[in-house]
Amino acid sequence: MDAFTSNLNNSSELRSHPWTSMESDQSNLYIDFKKNPKLIRKSLEDLIPFKKWEFTESFYSLIEWINTTGSLLESNDCAFNAVEENNDKQYPYAKKCSGRLMILFRDIPENCQQRSINWLMENILHTVVSTKPNFRAGAICLSQNPTCYLELGDQPDTGGMGQQVTLTFFAYGKNERRCYESMNEVIKHAHFCLKKVNGKIKNGELDEIYR
């Protein structure tokens, strides 16, 4: 599977964590899924119309796992975009769809250490490309989003400025069904890779870069 990085932020504005509501929809409020896991399948509006497709269950499972006590990461935001005409010339398919998952270290100060964010990006990237090399109908793009971590302070001298990592999922196919089947493979692979990286954090590999 292809994986690449982008220097372009998903938003031109500085994010906060936790965020309050979306400017485009004031009813869309931040929910801490670590404390409210039962709300995952009820509150992710982008996925509800696609519940008949297998990729939706895979997406739910990924978000549920990353917010359990077994994970040292957590999710912050996600999105899904339905099938559309494919204009990505490097992928010879008629249709494409895309999704997004924003993640961060559960240990909030870690997100304000650029070396830690870079380590997370590099390890996800390496794991994606090295463990499913023959799958060509999907890709994962990794990017960073500047974030103000409110529990650490919201002023420049309080240490709360950091990053989040965004995984953007791309899937391709000759028609809607094949496209959503590809998305299922992409999300399941992202789940596998994030578990591998989570294991590295647990084993102290992140801590080693500061020794």
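Reply: Start with C179. Its sulfur is 3.7 Å from the closest cysteine sulfur, in C97, and that is too far for a bond. The cut-off for a disulfide is 2.5 Å between the sulfur atoms. Keep in mind that the model is predicted. C179 is buried, with a relative accessible area of 0%.

Now take C78. The closest cysteine sulfur is again in C97, but here the separation is 14 Å, too far for a bond. C78 also counts as buried, at 15% relative accessibility. The count of disulfides comes to zero.

Next, the nonpolar packing. In soluble globular proteins, nonpolar side chains tend to be buried together. The largest nonpolar core here has 47 residues. I103 and F169 have the most contacts inside it. Seven elements each supply at least two residues of this core: α2, β5 (73-85), β6, α3, β7, β8 and α4. The element that gives the most is α4, with ten residues. There is also a second, separate core of five residues. Its members include Y91, C141, F170 and Y172.

Now the rings. The structure holds eleven aromatic pairs. One of them joins F4 and F170. The ring centres are 6.4 Å apart and the planes are at 15°, so this pair is stacked. Planes under 30 degrees apart count that way. F4 lies in strand β1 (residues 2-5), while F170 lies in strand β8 (residues 161-173), so the pair ties together parts that are 166 residues apart in sequence. F4 is partly exposed, with a relative accessible area of 35%. F170 is buried, at 18%.

A second pair joins F55 and Y180. Here the centres are 5.1 Å apart and the planes are at 35°, so the pair is tilted. F55 belongs to helix α2 (residues 54-66) and Y180 to helix α4 (residues 176-202), so this pair ties together parts that are 125 residues apart in sequence. F55 is buried, with a relative accessible area of 0%. Y180 is buried too, at 3%.

Two asparagines round out the picture. N111 is in the loop between β6 (95-105) and α3 (114-131). At 1% relative accessibility, N111 counts as buried. A polar atom of its side chain lies 2.8 Å from the backbone nitrogen of F105. Leaving out residues up to four places away in sequence, N111 touches L104, F105, I117, Y149, G162 and Q163.

N134 lies in another loop, between α3 and β7 (138-149). N134 is exposed, with a relative accessible area of 74%.

C179 and C78 are both buried. For C179, the gap of 3.7 Å to the sulfur of C97 is too far for a bond. For C78, the gap to C97 is 14 Å, also too far.

Terms used. Residues numbered from 1 in each chain as written. Predicted model: local features only at pLDDT ≥ 70, side-chain atom pairs only at ≥ 80, totals over all residues. Heavy atoms only, no water. Phe/Tyr/Trp six-rings, centres within 6.5 Å; stacked < 30°, edge-to-face > 60°. Helix = DSSP H or I, 4+ residues; strand = E, 2+ residues; numbered from the N terminus. Buried < 20%, exposed > 50% of the residue type's maximum accessible area, 1.4 Å probe, protein only. Polar contact = N/O pair within 3.5 Å; in protein donor to acceptor, adjacent residues only side chain to side chain. Contact = heavy atoms within 4.5 Å. Core = buried A, V, L, I, M, F, W, Y, C linked by side-chain atoms within 4.5 Å.
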